[in-house]
Amino acid sequence: MGIDKPAVRFVIHLSLPRSLEEYYQEAGRAGSDGNTSHCILMFRFEDRNKLIQLIYKSTSEDHMQFQTHSLNKVVSYCMSSICRRKLILEYFDDGFDVNCNGSCDNCLTTPPLPKDYTMETINTCLCLEEMLAVNAKINVKQLALIFKGSKSKRDIEAKGFHLIPHYGFGKNAFKNDADSIKFVQHLIINEVLMENICAVDNIFTTTFITLGKKANLVRNREIQIFLRL
């Protein structure tokens, strides 16, 4: 964005930036004259999958991991319910206690309190392992609905997932299916779970879930998972 104009009133991202550094630089074009301006970022979790597919084409394993980590920071920023300004400043190690005084979307409402989801995370990992023993290709929605105890005949019973030991273990942990799906998405960006890219008919690619590099850390109680859902 080579824009040298102080009176930019809106910066609208229709696609997901690949890093918070990229987003911060572009969003900073708004309001450089000191007047009120707006930054709008359109987001849905599926946008991450499109960028992951591009990242996985990298020939360097280290570069791929670095880009994935940077992208996960952007997704975490989008999914967070705490002050946007605080998140940005924390990322750049500057001004942890500074908030936006009500100028971001999150500060216009009361954020939910953080809750310990460590046991739910451990049970989700066990649930995933049991599902993988039945079917090698599991997606976000399938894992979320099975852990919550969905009775969908097409997605659950037809594949025998309702027979696994951890089916429905999370039925009391989430208000609805959307919260359960969001929970699984948080586990992905926190690297407890991992999305893998698989080719379909040598043309299309899709993502399937396996355990991530932090799964054993959670299961061994070396780290805890606190989320605001």
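A nonpolar core is a set of buried Ala, Val, Leu, Ile, Met, Phe, Trp, Tyr and Cys residues joined through side-chain atoms within 4.5 Å, where buried means under 20% relative accessible area (1.4 Å probe, protein chains only). The model is predicted, so that local features need pLDDT of at least 70 and side-chain atom pairs count only at pLDDT 80 or more, while totals for chains, interfaces and linings use all residues. Residues are numbered from 1 along each chain as its sequence is written, and side-chain values use heavy atoms, without hydrogens and water.

Select M131, L143, V184, L193 and I209 to begin: these have the most contacts inside the largest nonpolar core, which has 48 residues. Helix 3 gives the most to this core, with 7 residues. Helices here are DSSP runs (H or I, at least four residues), numbered from the N terminus.

Next, select helix 5 (residues 118-134) and helix 6 (residues 140-148), which pack at an angle of about 110° with their axes 10 Å apart. Axes are lines fitted to C-alpha atoms over the stretch in contact, and angles run from 0 to 180 degrees between N-to-C directions. The two helices are therefore roughly perpendicular to each other (65 to 115 degrees). Their contact (heavy atoms within 4.5 Å) is made by E120, N123, T124, C127, L128 and M131 of helix 5 and by Q142, L143, I146 and F147 of helix 6.

Finally, move to helix 4 (residues 84-91), where R84, L87, I88 and L89 are buried. The buried residues of helix 4 pack against helix 1 (20-27) and helix 3 (61-79). Just after helix 4, select D93, which takes a positive phi of about 55°.

Notes. Buried < 20%, exposed > 50% of the residue type's maximum accessible area, 1.4 Å probe, protein only. Parallel < 35°, antiparallel > 145°, perpendicular 65-115°, else oblique.
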